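The sequence and the model are shown first.

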Amino acid sequence: MTTTTTSSGPDMGMLEQLADEYAALAAEHETISARMEELKKHFRSLAVGHTHDVGPLTVTVSRNARLNTRALAASYPESEAPELYSSKIDTGRVREHLDEDMLEDFTTEAEPRVTIKVTGEAQGAAA
């Protein structure tokens, strides 16, 4: 990718330093997150539905369950239990049927999304 810098554009040297720092933090984050997940496996042995004071931590172990909507739909089809169903707008179908210009009035802007992928060179340097 080529980036053009104008007199009022970004300082590429500074951005490169920030990129190096980000890559190092990303590598560190990956290692730390993996270790934290390993530690959580041990905390799962505590009683479910309770809060436990363990050293400097307060650990809450909660049930992690979700309804199986496919099984529910098979047992309670919409034709027999319409009160269990709701209709909602399908944004995929909206995009199929309305032009982008028409959708602009219904679009909410947020901060630009930044996606960063660390390349092999930067990962190796941070490890």
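A salt bridge is counted here when a side-chain nitrogen of Lys or Arg lies within 4 Å of a carboxyl oxygen of Asp or Glu. The model is predicted, and a search of the whole structure finds four salt bridges, including the pairs in the table.

| Pair | Closest N to O distance |
|---|---|
| Arginine 35 and glutamate 38 | 3.1 Å |
| Arginine 93 and aspartate 90 | 4.0 Å |

**Arginine 35 and glutamate 38.** The salt bridge between these side chains has its closest N and O atoms 3.1 Å apart. Because the two residues are three positions apart in helix 1 (residues 12-43), about one helical turn separates arginine 35 from glutamate 38. Arginine 35 has a relative accessibility of 45% and counts as partly exposed, and glutamate 38, at 40%, also counts as partly exposed.

**Arginine 93 and aspartate 90.** For this pair the closest N and O atoms are 4.0 Å apart, which is to be read against the criterion of within 4 Å. Arginine 93 is exposed, with a relative accessible area of 57%, whereas aspartate 90 has a relative accessibility of 39% and counts as partly exposed.

How values were computed:
Residues are numbered from 1 along each chain as its sequence is written. This is a predicted model: local features need pLDDT of at least 70, side-chain atom pairs count only at pLDDT 80 or more; totals for chains, interfaces and linings use all residues. Side-chain values use heavy atoms; hydrogens and water are left out. Helices (H or I, at least four residues) and strands (E, at least two) are DSSP runs, numbered from the N terminus. Buried means under 20% relative accessible area, exposed over 50%, partly exposed in between (1.4 Å probe, protein chains only).
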